[in-house]
Amino acid sequence: MDDSRETFGPNAFVTGFPVRHSRSPLIHGYWLKKLGIAGSYRAYEVAPADFAAFIGSLKDQSSGFIGGNVTIPHKELACQLADSPDELSQELGASNTLWLEEGKLHSTNTDGHGFTANLNARHPGWDKHETAIILGAGGASRAVIQAVRDRGFREIHVVNRTAARAQELADRFGDKVYAHPMGALAEVMKGAGLFVNTTSLGMDGETAPAIDFSPLDSNALVTDIVYVPLKTPLLKQAEEQGFAIVDGLGMLLHQAVPGFEKWFSKRPVVDDELRALVVADMEKHR
Ligand code: ATR
């Protein structure tokens with residue numbers, strides 16, 4: 001690995017393929033500056049064929065990195081190649097955060113933490129319900145299902161266009177998780193207190209189907225893990241129908257906290273200034 005990393009402090013990375021759209025360097029760069037830490041955090045594009053070698057250089061410590069983030073398409077392989085993936089990431093089969101400790105490469109997945117920490121900050125009390133609806137059964141829904149289950153929801157209904165994918169997740173995440181085809185949505189929404197969109201419906205200006213949220217509990221929260229646009233068509237509809245909403249940007253910001261703390265030994269804070277910085281960046285690259 002070439003380059004001009006600072007040698008004064010710990011060096012961390014984000015790797016994906018592609019990785020140029022990642023906002024992680026902006027987020028960690030903000031915290032490094034704010035906390036006055038002499039470290040670095042940079043993006044490295046690593047092709048799938050080179051990823052195992054990249055992990056090898058981390059493990060033998062020839063890369064000079066203390067750890068980093070892993071994004072699409074490397075999350076599954078990162079979990080498999082880590083010496084010590086934690087329980088969360090083993091259950092998900094995917095890791096997004098790596099760090100070296102006493103010569104071993106550890107891994108976890110902080111997406112679920114990002115999801116819950118965002119709702120804790122933006123809508124305290126969101127977890128005082130028994131039933132949650134998760135729309136979508138792709139990679140991104142897994143950490144949400146796990147987080148909602150671990151938070152104590154008793155019934156988690158995963159509703160997906162391809163019902164077999166929802167069933168796979170119900171099998172993986174245990175007896176509180178139920179799988180349904182899209183046609184069952186209105187029925188399973190009855191009385192539920194949390195609705196999470198994990199599909200790409202309405203992303204980047206795409207149209208989204210009309211959803212009648214009225215079967216939900218009147219105090220239900222509707223949230224989306226998509227954050228481009230910030231107020232997705234589904235969130236807009238839910239708000240117009242009188243429901244509380246939380247956008248998905250905070251999940252991105254909060255999922256970065258545990259990694260930063262591991263690498264740089266200080267717990268950073270997700271504040272309004274950081275959020276504004278990322279929003280401005282999103283507007284710049286629209
Ligand atoms: P990710 O890993 O980002 O979650 P993914 O694995 O491609 O991405 O999953 C995308 C999710 O959005 C899936 O739940 C997908 O439904 P299918 O499993 O049936 O493919 C859902 N999705 C995407 N486009 C959709 C559409 N037009 N209507 C309904 N669901 C859609």
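Guide: Helices and strands here are DSSP runs, a helix having at least four residues and a strand at least two. The model is predicted.

Visitor: Which residues does UniProt list for the shikimate dehydrogenase substrate binding N-terminal domain?

Guide: An unreviewed UniProt entry gives residues 14–98 for that domain. In the model, this stretch is 40% helix and 20% strand. Its end C-alpha atoms lie 10 Å apart.

Visitor: How do I read a sheet? What is the strand order of the open sheet of 6 strands?

Guide: Strands of a sheet pair through backbone hydrogen bonds, in either a parallel or an antiparallel sense. Here the order is β9-β8-β7-β10-β11-β12, and the pairing is parallel. The edges are β9 (177–181) and β12 (244–246); each has a single partner strand, so one side of each has no neighbour in the sheet. From one strand to the next, the twist averages 20°.

Visitor: How many bridges join β7 and β8?

Guide: Strand β7 (residues 131–135) pairs with strand β8 (residues 155–160) over 5 bridges, in the parallel sense.

Visitor: Which strands does helix α6 touch?

Guide: Helix α6 (residues 139–150) packs on the sheet and touches β7, β8, β9 and β10 (194–197). The direction of α6 makes about 175° with that of β7. Helix α9 (residues 233–240) lies across β7, β10, β11 (221–224) and β12, and runs at about 165° to β11.

Visitor: How do I read a helix pair? At what angle do α5 and α6 cross?

Guide: Angles of 65 to 115 degrees count as roughly perpendicular, under 35 as roughly parallel and over 145 as roughly antiparallel; the rest are oblique. The axes of helix α5 (residues 111–122) and α6 cross at roughly 60° and come within 8 Å. That angle makes α5 oblique to α6, and the crossing is right-handed. On the α5 side the contact is made by D111, G112, F115 and T116, and on the α6 side by A143, V144, A147 and V148. These residues divide into 5 nonpolar, 2 polar and 1 charged.

Visitor: Which residues of α1 meet α11?

Guide: H28, W31, L32 and L35 of α1 meet V257, F260, W263 and F264 of α11. By class, the contact has 7 nonpolar residues, 1 polar and no charged. Helix α1 (residues 24–35) and helix α11 (residues 257–264) pack at about 50°, their axes 11 Å apart. α1 is therefore oblique to α11, and passes α11 in a right-handed crossing.

Technical notes: Residues numbered from 1 in each chain as written. Predicted model: local features only at pLDDT ≥ 70, side-chain atom pairs only at ≥ 80, totals over all residues. Heavy atoms only, no water. UniProt positions renumbered as here; feature names shortened; annotations may be inferred. Axes fitted to C-alpha atoms, helices over the stretch in contact; angles between N-to-C directions. Left-handed = near helix turned anticlockwise from the far one by under 90°. Contact = heavy atoms within 4.5 Å. Nonpolar A, V, L, I, M, F, W, Y, C, P; charged D, E, K, R; others polar. Pairing = 2+ DSSP bridges.
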